[in-house]
Amino acid sequence: MIDNNNICLMSDSYKFTHHQFYPEDTEYVYSYLESRNGAQFNRTVFFGLQYILKKYLEGQVVSEDKIEIAKNIIDEHIGPGIFNEEGWYHILEKCDGKLPVEIKAVKEGTPVEVSNVLLTVVNTDRKCFWLTNYLESLLLQVWYPSTVATLTRESKKLLNFYLDVTGSDKSNLDFMLHDFGFRGASSYESSQLAGVAHLINFSGTDTVPALLMPLNYYNHDLNNKNYNDFKDKILGNLANITGYSVQATEHSVMTSLGEDLENNTIKTILANAKNGVLSIVIDSYNYQEFINKIGKILRNEVDTFLNKADGNKIVLRPDSGDPVTTTLDCLNLIDSYFSSSFNEKGYKELPPEIGVLWGDGIDYKQMRDILFAMKNNKWAASNIVFGMGGGIHSSVNRDTQRKAFKSSAQYRSGKWYDIYKKPLDVTKTSKKGKFSLIKENGSFLTIPLNKLGDKKDYLETVFKNGEIKRFMDFEEIRGLAKLKEN
């Protein structure tokens, strides 16, 4: 099997032709990444670079075998003489197989206003000027975890807003959006990337693979090379698990005895559930009848489970129908049996041991619609939690936050030249020069590097010549993304 992790093949086809097109005397190419104006959200949470660096770029990544395999593939794919064999052998022989580039970036987890530089790249070996933009295809994939982290942070802001408006307790905010996306992800790796990006902002997930990424790529202890025993290393750091879930049913459980014996199914579930939160899907047949059953016919069984231990809770999950009307219908039906009370702002709150989970086809806009309708009907936001699957994992693309990677300066004949693009579509105009990222009046601002003076530059060297120069723990990233209101 051919090694999938071959840096000599990790780019778009057209990138393999560019080394021959730059001006002859080019020595250095400087490029940057940003979220352009017109993004869906006005700030981007930068996240995922450290994973890319550790998985694909760190250490000796170029070998003779990789060069030869890549040459043969590109010879067939594009044509003979196209592959930059000389350039890759230079990296192997003169740079010990380590990539001669310097990457600077803002700290991961930082929300940065759009149209600001998030990352810069420049080659450190003058013969490798072609390498800077060759790496664009791989580095730009940071768009995905960054966009998911941005989306879930904005979702948290939305939830926080409605908790405020409806006078709700915020102690459960970190668990109000649950990741249901593993089965709908495009791959195992993408499920990890989106799942861990979600965990920057929330603590509830059913995407178990996402739990591994903070341990493997964002945990200083686990990356300490002094560890000798892998098992001890892992077991000693399980306290660093960053996501949590609850016991829950699905339709294969709820329909196991058929519609006529649904009561028996519910009794079995309540009798065998462990202490804690129990999520039950209620629309296998008729969600209204289901609520009637647990509120009246099976009320003793429900109360027995709820009274077994402090903190026991039942969350009812309607899994179909119009999100707004079904949610309101469920709340009203539950209220008829479990009796809500009014909080200080005049919004109804169900008893803390019962609530609603909406997780069918949910996205940011539907979540907003449900919360808005609840507010208008005098229901506190604390009565509901949300599950989002495709809305987290597959509803975003590179244009959601308009990520772009462009070259802005090139060095030739002993001089730096500013370069840029300025198409008729002015939203795609690129920046020119070399940059620093500063803060001014509480907001980020991109300025020319030579104008930095004594100001703090938030672009820090994270990678240079094959070595990671800045390592971040996951909790540090979470801290940077944390809402000021929270």
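Analyst: Buried means under 20% relative accessible area, exposed over 50%, and partly exposed in between, using a 1.4 Å probe and protein chains only. Helices (H or I, at least four residues) and strands (E, at least two) are DSSP runs, numbered from the N terminus. This is a predicted model, where local features need pLDDT of at least 70 and side-chain atom pairs count only at pLDDT 80 or more, while totals for chains, interfaces and linings use all residues. Residues are numbered from 1 along each chain as its sequence is written, and side-chain values use heavy atoms, with hydrogens and water left out.

User: Which residues of helix H11 are buried?

Analyst: In H11 (residues 262-272), they are Glu262, Thr265, Ile266, Ile269 and Leu270. Looking down the H11 axis, the buried residues fall within an arc of 130 degrees, so they line one face of the helix. That arc is taken from the directions from the helix axis to the C-beta atoms. On the face turned away from the buried side of H11 sit the exposed residues Ala271 and Asn272.

User: What covers the buried residues of H11?

Analyst: Contact here means heavy atoms within 4.5 Å. The cover includes helices H10 (251-254), H12 (287-297) and H13 (299-307), plus strands S8 (277-281) and S9 (313-317). H13 also lies across S8 and S9, at about 125 degrees to S9. For that angle, axes are lines fitted to C-alpha atoms, for helices over the stretch in contact, and angles run from 0 to 180 degrees between N-to-C directions.

User: What makes S6 and S7 edge strands?

Analyst: Two strands pair if DSSP finds at least two bridges between them. Six strands make an open sheet with parallel pairing, in the order S6-S13-S12-S9-S8-S7. Strand S6 (177-179) and strand S7 (247-248) each pair on one side only, hence the edge label.

User: How do you know that S6 and S13 pair?

Analyst: They share three bridges in the parallel sense, with S13 covering residues 384-388. In one of the bridges, leucine 177 partners phenylalanine 386 of S13.

User: Why is cysteine 95 not counted in a disulfide?

Analyst: A disulfide is a pair of cysteine sulfur atoms within 2.5 Å. The structure holds zero disulfides, and for cysteine 95 the nearest cysteine sulfur, that of cysteine 128, is 5.2 Å away. Cysteine 95 is called buried because its relative accessible area is 17%. Cysteine 330 has 1%, so the buried label applies there too.

User: What makes threonine 26 buried?

Analyst: Its relative accessible area is 4%, so it counts as buried. Threonine 26 is in strand S1 (residues 26-35). Leaving aside neighbours within four places in sequence, threonine 26 is in contact with Arg126, Phe129, Tyr411 and Arg412. The side chain of threonine 26 also reaches the backbone oxygen of proline 23 at 2.8 Å.

User: Why is serine 413 called exposed?

Analyst: Serine 413 has a relative accessible area of 55%, so exposed is the word. It is in the loop between strand S14 (403-412) and strand S15 (415-418). Serine 413 has a positive phi of about 55 degrees, although it is not a glycine. Most residues other than glycine have a negative phi.

User: Why is asparagine 465 called partly exposed?

Analyst: Asparagine 465 comes out at 33% relative accessibility, so it gets the in-between label. Its loop runs between strand S18 (460-464) and strand S19 (467-468).

Definitions and conventions: Polar contact = N/O pair within 3.5 Å; in protein donor to acceptor, adjacent residues only side chain to side chain.
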